[in-house]
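Trainee: I have some labels to check with you. Can we take them one at a time?

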Amino acid sequence: MALSIPQSFHMRHLKDGARTYKGLDEAVTRNIEACTELGNQLKTAFGPNGMNKLLVNDIGKEFITTDAATIIHEIAVQHPAAKLLAMAADYMQNGPGDYVNTSIVLATELLIGASELINSL
């Protein structure tokens, strides 16, 4: 009978199947990937040839829209770094009231450039 190896302190408090990453570069890369995934969802709804998105919220109400503020408001963003982009979109909607999709797509492209710089080091 084999002895069980105790888990490290931080792994005991995470859900089963959770992964941990070590190193600052890897953590930053994972955050950038989460933000770019949100930006990629909005990128196809941008511009004159933007496609409509069909969203179904938790109570079953359906939305067909190209408005980035509505898309971000209706999807459940769980990742902390992607929530920052969602908060920026909320500020753009409540403040100036325009260019939500542009600001998210621009921030995503800047993060992609930052990721390339991190990976090149």
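**Helix packing and salt bridges**

Mentor: Start with the packing. In this predicted model, helix H3 (residues 80-94) packs against helix H4 (residues 100-120) at an angle of about 150°, and their axes are 9 Å apart.

Trainee: Which residues of H3 and H4 meet?

Mentor: From H3, Leu-85, Ala-89, Met-92 and Gln-93. From H4, Val-100, Ser-103, Ile-104, Ala-107 and Thr-108. By class, that contact has six nonpolar, three polar and no charged residues.

Trainee: What makes Glu-109 and Lys-43 a salt bridge?

Mentor: Their side chains meet at 2.6 Å, N to O. The cut-off is within 4 Å, so the pair qualifies. This pair links distant parts of the chain: Glu-109 sits in helix H4 and Lys-43 in helix H1, 66 residues apart.

Trainee: Why is Glu-109 called partly exposed?

Mentor: Its relative accessible area is 38%. Buried means under 20%, exposed over 50%. Glu-109 falls in between, so it is partly exposed. Lys-43, at 30%, also counts as partly exposed.

Trainee: Which residues do salt bridges with shared partners join into one network?

Mentor: Glu-26, Arg-30 and Glu-33. Glu-26 bridges to Arg-30, with the closest N and O atoms 3.6 Å apart. Arg-30 also meets Glu-33, at 3.3 Å, N to O. Glu-26 and Arg-30 both lie in helix H1 (residues 24-43), four residues apart.

Technical notes: Residues numbered from 1 in each chain as written. Predicted model: local features only at pLDDT ≥ 70, side-chain atom pairs only at ≥ 80, totals over all residues. Heavy atoms only, no water. Axes fitted to C-alpha atoms, helices over the stretch in contact; angles between N-to-C directions. Helix = DSSP H or I, 4+ residues; strand = E, 2+ residues; numbered from the N terminus. Contact = heavy atoms within 4.5 Å. Nonpolar A, V, L, I, M, F, W, Y, C, P; charged D, E, K, R; others polar. Buried < 20%, exposed > 50% of the residue type's maximum accessible area, 1.4 Å probe, protein only.
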